[in-house]
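Work through the exercises below with the sequence and the structure in view. Each task is followed by its solution.

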There are 2 protein chains.
Amino acid sequence: MPGDIADEELRAALHRAAEMIADYLGKVGDYPVFPGLEPGEVAAQLPDSAPEAGDCLDNILDDYARLIEPNVTHWNHPGFMAYFAITGSGPGILGEALAASLNVNAMLWRTSPAATELEERVCDWLRQMIDLPATFRGHINDTASMSTLLALAAARHRIPGLDVRQRGLAGRPDVPPLIVYQSDQAHSSCDKGAMTLGLGLDNVRRIPSDEGFRMQTAALAEAIDRDRAAGQQPMAVIATLGTTATTSMDPVAEIADLCERQDIWLHVDAAYAGSAAICPELRPGFEGWQRADSVVLNPHKWMFTPVDCSVLLVRDVNHLRAAFSLVPDYLQSDEKETVNLMDLGVQLGRRFRALKLWMVIRAFGVEGLRQRIRQHCRMAAEFASWIERHEDYELAAPVPFSTVCFRWSVGGVPEEQDKMNKKLLTAINAEGPIFLSHAMVADRFTLRLTIGNLKTTSDHVEQAWRLIRAKADGLVSVERS
Amino acid sequence: MPGDIADEELRAALHRAAEMIADYLGKVGDYPVFPGLEPGEVAAQLPDSAPEAGDCLDNILDDYARLIEPNVTHWNHPGFMAYFAITGSGPGILGEALAASLNVNAMLWRTSPAATELEERVCDWLRQMIDLPATFRGHINDTASMSTLLALAAARHRIPGLDVRQRGLAGRPDVPPLIVYQSDQAHSSCDKGAMTLGLGLDNVRRIPSDEGFRMQTAALAEAIDRDRAAGQQPMAVIATLGTTATTSMDPVAEIADLCERQDIWLHVDAAYAGSAAICPELRPGFEGWQRADSVVLNPHKWMFTPVDCSVLLVRDVNHLRAAFSLVPDYLQSDEKETVNLMDLGVQLGRRFRALKLWMVIRAFGVEGLRQRIRQHCRMAAEFASWIERHEDYELAAPVPFSTVCFRWSVGGVPEEQDKMNKKLLTAINAEGPIFLSHAMVADRFTLRLTIGNLKTTSDHVEQAWRLIRAKADGLVSVERS
């Protein structure tokens with residue numbers, strides 16, 4: 001039959017892919033992080049229509065090597081220091097490849113016992129690693145966007161007397177607007193969750209943050225009181241531990257006190273920084289998150305696990321099950337005392353994501369993970385110290401972890417500085433070896449350097465610093481000429 | 001540092017994994033499809049806590065081979081004929097492994113040009129393959145649960161004057177209940193979507209299906225009229241092409257007429273059967289879906305792509321963008337005319353799923369895919385003919401594709417027959433080589449045999465038929481003794 005693949009052809013292709021992967025990981029640092037492409041250049045090299053005839057795996061791998069590999073933005077590059085820098089580590093890649101060969105759907109225990117039980121076990125390992133109480137139960141979603149959406153749905157369903165799952169939100173005089181509180185530094189996924197769940201962006205309160213970009217608890221308390229007085233229903237507070245722009249830490253202990261007093265669901269978004277809680281010396285900033293109702297932590301961010309892998313830990317998982325469990329007759333089974341992970345979320349289909357996370361934790365060990373996180377923090381602190389000591393640069397925010405927000409404090413009014421920093425970012429990223437991103441911090445265009453790739457060394461950070469200064473010098477020369 | 005992995009150790013482990021994957025695909029048919037396990041048996045063999053020290057990749061792969069591989073339900077087994085049988089094919093496994101090594105996040109064009117452009121191109125290939133108009137734009141989600149949720153969110157946002165995204169559904173006298181219509185055969189993910197979006201299960205109308213399990217359009221029209229008369233707002237109709245229980249096909253042309261007249265969003269759930277539309281002779285049942293507003297098709301179901309891969313095709317993608325686009329400042333970029341796929345859904349993080357789908361289509365070619373789908377349909381038709389010819393068995397539904405619903409028509413009242421069919425299913429699945437599932441069809445416990453694995457041959461189907469009859473005979477003997 002056309003497209004038949006002999007077992008030995010596949011075996012050879014798998015070995016070739018093994019070589020390609022090992023080679024790629026060895027040489028990725030030689031690529032420019034961002035490929036010098038204009039929109040449409042890749043598409044122009046792809047046929048308009050699917051081929052009628054099949055092709056051999058070797059030709060397809062050739063095309064991959066020619067068209068795809070050089071034309072991605074290299075997130076696995078040691079010079080990738082944008083957004084949150086991440087790592088698809090070797091053990092994680094092995095896990096993904098093996099999971100694809102098993103191709104199980106871990107929707108029910110019965111549809112894959114090992115996938116279900118490994119997922120529960122490895123999430124409990126993670127819970128212990130970050131020192132959350134044993135009452136928390138974890139499961140794996142694709143992204144923090146979904147984990148947060150599920151947590152908010154559980155919060156919505158927990159409000160007594162509403163039965164949102166059954167009766168919905170619309171056309172009900174008995175349902176006031178349901179309000180979500182988060183700081184003005186919270187991640188956009190919190191907004192998307194509120195949009196998706198039918199709460200509406202108008203019902204997301206953006207609580208001002210202080211000079212350290214931490215939510216102001218007093219302002220939160222006032223907002224809650226104001227909403228209650230106006231007949232609205234506070235539904236959930238989202239505290240962020242490690243905000244996206246500056247990795248600031250909301251005062252979660254104070255917020256937890258308030259949520260307990262007010263009986264409001266507390267969701268903690270620790271998608272990035274949660275991994276740091278495996279280091280005891282970094283835990284003080286997390287103190288209080290034990291009293292959250294739900295916590296999200298993404299091992300695909302700073303635990304060296306390939307995307308996608310987001311762990312949602314919920315203190316009373318029955319709230320999540322009450323919001324989502326819906327078992328159609330054709331999936332009903334007689335097994336008692338089993339966990340069917342599809343009951344805890346939107347998605348019926350569930351990839352075997354626990355495998356890669358298990359392999360990563362096994363390969364590095366918790367101590368190995370700690371040392372890598374510490375090393376990333378040390379490198380960031382060193383870079384921050386260079387910024388602080390140089391008269392032309394300034395830190396834009398404290399550096400609690402491995403993300404540094406800084407500005408080139410070139411003379412002129414703020415608007416002019418913003419423009420120059422933007423030009424500087426473009427010039428740095430056009431060069432190739434280093435890729436940074438930006439954020440608006442206190443309404444100012446700010447450069448961001450994050451460290452999260454396992455292959456990033458002090459040399460790369462020094463290279464970034466040299467490049468930043470060289471490009472800034474170049475811009476000054478142009479301005480003067 | 002503890003856990004350090006030398007490049008050569010990783011290279012060797014990748015080659016070992018290549019061998020393990022090739023061996024697994026060769027021998028998977030020797031495993032019992034369902035491992036003979038009680039709940040907790042795998043967990044009991046896993047340490048309670050994560051290891052402090054790292055381990056070498058060889059030891060981890062040993063543990064994988066010992067603990068994980070034998071203890072999954074083998075969805076990649078040629079005797080897996082339950083739920084919808086699927087295949088994680090060789091080209092798809094290669095794609096997953098390579099994607100994990102790149103580890104890109106295709107949220108923005110700029111965060112991975114090749115991933116974004118390949119996704120758009122391969123979705124357009126698929127659109128042409130199934131003969132949908134060029135106005136449809138596709139993108140890839142993890143599951144049909146999410147694709148359907150996104151489509152319903154677009155439908156919700158399209159209703160004029162409501163601005164649900166901004167203002168939400170609660171506490172608004174101007175928003176009536178928003179109603180979703182689907183047949184009584186629709187997939188549970190449609191219900192979950194309505195729950196999640198805040199519409200409520202009470203606002204999902206389950207339209208009766210006819211004797212062929214197809215939605216009754218007249219009943220749909222009446223329900224819409226009734227709801228409008230009661231001041232409710234019809235929001236979306238979900239037509240299913242290939243229902244989960246019997247793979248019946250809703251009369252989508254009639255439904256499209258009605259939706260056009262009534263200005264209601266039409267979403268087509270073709271997650272399973274949509275792949276069959278690549279065969280011209282199987283297209284008549286799909287006629288009319290060209291007029292849908294959105295269509296979901298899962299290549300991870302019947303297009304030999306490893307989970308997860310669900311393509312959502314939307315006729316006017318601006319509706320989806322209007323419902324979801326939300327670009328935080330730190331992701332704003334200056335590129336014009338680029339597509340940022342994160343604008344089309346909930347998730348910000350987007351794995352490079354297009355790679356595996358591209359490799360599958362390339363390897364088999366469209367003609368190769370067609371021939372495999374036809375072969376699966378032929379095998380199912382043959383099995384159905386055996387059922388029809390045997391006096392002790394009966395078909396429970398027509399067989400339009402590769403799924404056969406049947407019953408052992410052993411004597412007795414319906415309740416007794418149901419009990420015996422349930423016993424028969426348990427006995428078949430306990431044996432090992434074949435794994436079937438069930439569905440309630442016309443309120444009767446019904447056995448389901450589906451064919452979707454590339455390694456399933458006529459021999460496996462004959463083996464299934466022999467096993468069914470042998471186990472039935474055994475049950476009769478026990479009853480008599």
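**Exercise 1: the single chain**

Of the 481 residues in chain A, 60% are buried (20 or more other C-beta atoms, placed from the backbone, within 10 Å of a residue's own). The model is predicted: local features need pLDDT of at least 70 and side-chain atom pairs pLDDT 80 or more, while totals for chains, interfaces and linings use all residues. Residues are numbered from 1 along each chain as its sequence is written, and chains are lettered from A in the order in which they are written.

Task: compare the radius of gyration of chain A with that of a compact globule.

Step 1. The rule, over C-alpha atoms, is 2.2 Å times the number of residues to the power 0.38.

**Exercise 2: a helix**

Task: find how the span of α3 (residues 90–102) of chain B compares with expectation.

Step 1. Helices are DSSP runs of H or I, at least four residues, numbered from the N terminus.
Step 2. Because 13 of its 13 residues are buried, α3(B) is largely enclosed by the rest of the structure.

**Exercise 3: the two copies**

Task: state how chain A is laid on chain B.

Step 1. Superpose by least squares on C-alpha atoms of residues with pLDDT of at least 70 in both copies.
Step 2. A turn of 180° and a shift of 0.0 Å along the axis give an RMSD of 0.0 Å.
Step 3. The copies are thus related as by a two-fold rotation axis.

Note on methods: Helix = DSSP H or I, 4+ residues; strand = E, 2+ residues; numbered from the N terminus. Expected span 1.5 Å × (residues − 1). Buried ≥ 20, exposed ≤ 12 C-beta atoms within 10 Å, placed from the backbone.
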